[in-house]
Protein chains: 2
Amino acid sequence: MKVSEERITEALGTLEGWSREDKWIVKKYRFREYMDGIRFVNRVAELAECMNHHPMIAIDYKMITTKLTSWSAGGLTELDFEAATAYDQAFLS
Amino acid sequence: MKVSEERITEALGTLEGWSREDKWIVKKYRFREYMDGIRFVNRVAELAECMNHHPMIAIDYKMITTKLTSWSAGGLTELDFEAATAYDQAFLS
């Protein structure tokens, strides 16, 4: 179920580096080494399979962009914010 | 060194599924399973490190898009076509 505008604002307030683009939330992660970024993509892909929720991922050398939305709901849902939190934890660990 | 327009046409004629977009060559690879696509991304990333030539990669669920250009030359070089051939071999193997 799509969340309210108020909930989106609140959720983005608790996340670092995520911004909103229309029906998406987006974050760019930067890495010191190319293969560090690739390892992060693998972590995100495993989380995506576990959560059955797959982000758009772009690999531009040492910068990885992740974009989340919920197609089935036609916008952002709690699952998008859960996934964003999980990617941030994977990035920090 | 940038290759000629004639060479680009010739090289694209020997590749399957690659198309030209301005200074880039682009191909979309489709996979039956999400993790098959992720494994392919890992193969491409290893080739990128070996060749010291890194494509743009986009992961959109089971579709992986690779884009190649040579920034240092300001356009397409033989290395782009070598990389394209290597990705196709990785896809088929």
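Tyr29(A) is buried, with a relative accessible area of 1%. This value, like those that follow, comes from a predicted model.

The search over all chains of the whole structure finds 18 aromatic pairs. Because Tyr29(A) belongs to strand S2 (residues 24–30) of chain A and Phe40(A) to helix H2 (residues 34–51) of chain A, the pair ties together parts that are 11 residues apart in sequence. Phe40(A) is buried, its relative accessible area being 3%.

Tyr29(A) also pairs with Phe91(A); their centres lie 4.9 Å apart with the planes at 55°, so this pair is tilted. Here strand S2 of chain A, which holds Tyr29(A), meets helix H3 (residues 78–92) of chain A, which holds Phe91(A), and the pair therefore ties together parts that are 62 residues apart in sequence. With a relative accessible area of 31%, Phe91(A) is partly exposed, whereas Tyr29(A) is buried.

Tyr29(A), Phe40(A) and Phe91(A) form one aromatic cluster together with Trp18(A), Phe31(A) and Tyr87(A).

Charged side chains also meet aromatic faces. Lys67(A) lies over the face of Trp24(A), at 4.5 Å from the ring centre. Arg7(A) is placed over the face of Phe81(A), at 6.0 Å from the centre of that ring.

Key: Residues numbered from 1 in each chain as written. Chains lettered and ligands numbered in written order. Predicted model: local features only at pLDDT ≥ 70, side-chain atom pairs only at ≥ 80, totals over all residues. Heavy atoms only, no water. Phe/Tyr/Trp six-rings, centres within 6.5 Å; stacked < 30°, edge-to-face > 60°. Helix = DSSP H or I, 4+ residues; strand = E, 2+ residues; numbered from the N terminus. Buried < 20%, exposed > 50% of the residue type's maximum accessible area, 1.4 Å probe, protein only. Lys NZ or Arg CZ within 6 Å of the ring centre and 35° of its normal.
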